[in-house]
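This report describes one protein chain for a reader who is new to structural work. Please keep the sequence and the structure in view while reading.

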Amino acid sequence: MKIGRFKKGDSIFFGIVKGRDVIPLAEKRVSDLMESRTPLEEIYNIKEVKFLPPTKVSKVVAVGLNYKAHAEEMGKPLPEEPLLFMKPSTAVISNKMKIILPPISERVDYEGELAIVIGRKCKNIKEEEAKDVILGYTCFNDVTARDLQKKDVQYTRAKSFDTFAPYGPWINTEIDPVGLPITTRVNGEVKQQGNTSDMIFSPFFLVSYISKIMTLLPGDVIITGTPPGVGPLKDGDKVEVEIEGIGTLINYVKAEEKEEA
């Protein structure tokens with residue numbers, strides 16, 4: 001089942017996506033969706049609604065260097081345990097929204113990733129329990145100011161600019177996250193091609209590992225690393241992250257205007 005979060009007029013709602021139709025659900029909270037999904041009578045064409053991030057996010061927990069080939073691409077050794085950093089909720093944007101390039105950075109990169117969406121509050125769970133707290137999976141673009149990342153000791157500044165966390169377009173609640181082809185395109189040209197089977201640490205291991213560090217809340221997102229092929233974005237680009245069985249996250253790129261001195 002594909003579940004998104006949408007806005008029509010003043011109404012914000014979760015909805016089931018079936019083809020070009022969006023069927024609103026009665027459930028109002030992410031945790032409610034783990035228990036039931038009650039369709040209402042309305043049906044909207046997907047062009048009638050505005051996409052929102054699939055959940056309200058308290059935090060995005062990110063995993064670096066989780067694909068062997070990407071670690072090699074970046075010239076870094078394979079991690080012995082997950083390399084974690086975070087992106088703030090203020091960086092999150094939805095499908096079709098604009099990624100804004102900050103003037104302080106001279107190189108901003110795309111990083112297409114599989115995202116895990118947490119459905120239940122959890123802490124200190126076992127790996128075999130992870131499926132019970134996951135609502136589903138979606139697409140994510142871990143936009144990164146690469147020049148700032150190389151300059152800093154840690155990743156916070158490079159990863160945290162507003163609009164640097166595109167997320168969506170919806171959540172697939174039934175898909176197996178292992179063995180999914182993932183592709184990133186810029187202006188229609190394929191830039192990244194990978195498969196989630198190449199991850200060093202599996203999605204279920206990551207949920208368990210992270211839950212032993214911090215409490216995960218309904219709606220939180222874990223992004224699972226990017227395959228090789230990362231590269232720069234420029235003003236006017238269209239960037240797409242597609243994961244087979246989920247869908248395609250589309251965003252447009254715009255340079256932030258520099259203030260005159």
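At 44% relative accessibility, Lys 96 counts as partly exposed; buried means under 20% relative accessible area, exposed over 50%, and partly exposed in between, with a 1.4 Å probe and protein chains only. Lys 96 lies in the loop between strand 8 (92-93) and strand 9 (98-101). Its phi is positive, about 75°, although Lys 96 is not a glycine.

The model is predicted: local features need pLDDT of at least 70, side-chain atom pairs count only at pLDDT 80 or more, and totals for chains, interfaces and linings use all residues. Residues are numbered from 1 along each chain as its sequence is written, and side-chain values use heavy atoms, with hydrogens and water left out.

## The chain as a whole

Five helices and 20 strands are found in the chain; helices (H or I, at least four residues) and strands (E, at least two) are DSSP runs, numbered from the N terminus. The radius of gyration is 18 Å, close to the 18 Å that the globule rule gives for 261 residues, so the chain is as compact as a globular protein of that length. This radius is taken over C-alpha atoms, and the globule rule is 2.2 Å times the number of residues to the power 0.38. Along the principal axes, the C-alpha atoms fill a box of roughly 50 × 45 × 35 Å.

Of the 261 residues in the chain, 56% are buried. The chain exposes about 12100 Å², and carbon and sulfur atoms supply 49% of that area; accessible areas come from the Shrake-Rupley method with a 1.4 Å probe, and for residues only the protein chains shown count as cover. Among contacts (heavy atoms within 4.5 Å) with a separation of 6 or more, residues 24 or more positions apart account for 73%.

In soluble globular proteins, nonpolar side chains tend to be buried together. A nonpolar core is a set of buried Ala, Val, Leu, Ile, Met, Phe, Trp, Tyr and Cys residues joined through side-chain atoms within 4.5 Å. Which residues of the largest nonpolar core touch the most other members? Of its 30 residues, these are Ile 134, Tyr 137, Val 207, Leu 216, Ile 222 and Ile 246. Two or more residues each come from strand 6 (60-64), strand 11 (112-118), strand 12 (134-141), helix 5 (203-211) and strand 19 (238-243). Helix 5 gives the most to this core, with five residues. A second, separate core has 24 residues, including Ile 23, Ala 115, Val 221 and Ile 223.

Helix 5 is mostly covered, with eight of its nine residues buried. Among them are Phe 204, Leu 206, Val 207 and Ile 210. The buried residues of helix 5 pack against strand 6, strand 7 (83-87), strand 11, strand 12 and strand 17 (221-223). Leaving out residues up to four places away in sequence, Val 207 touches several residues, including Ile 116, Ile 134, Leu 216 and Ile 222.

## Individual positions

Gly 136 belongs to strand 12 and is buried, at 1% relative accessibility. Apart from neighbours within four places in sequence, Gly 136 is in contact with Ala 115, Ile 116, Val 117, Ile 171, Asn 172 and Thr 173.

Gly 19 sits in the loop between strand 2 (11-18) and strand 3 (21-24) and is exposed, with a relative accessible area of 61%. Asp 32, in helix 1 (residues 30-33), is partly exposed at 22%.

| Pair | Separation in sequence | Distance in space |
|---|---|---|
| Gly 19 and Ile 46 | 27 residues | 8.6 Å |
| Asp 32 and Gly 119 | 87 residues | 8.5 Å |
| Gly 136 and Asp 176 | 40 residues | 9.1 Å |

Two backbone details remain. Asn 187, a residue other than glycine, has a positive phi near 55°; it is placed in the loop between strand 15 (181-186) and strand 16 (189-195) and counts as partly exposed at 44% relative accessibility. The peptide bond from Gly 168 to Pro 169 is cis, with omega near 5°, and Pro 169 is part of strand 14 (residues 165-172).
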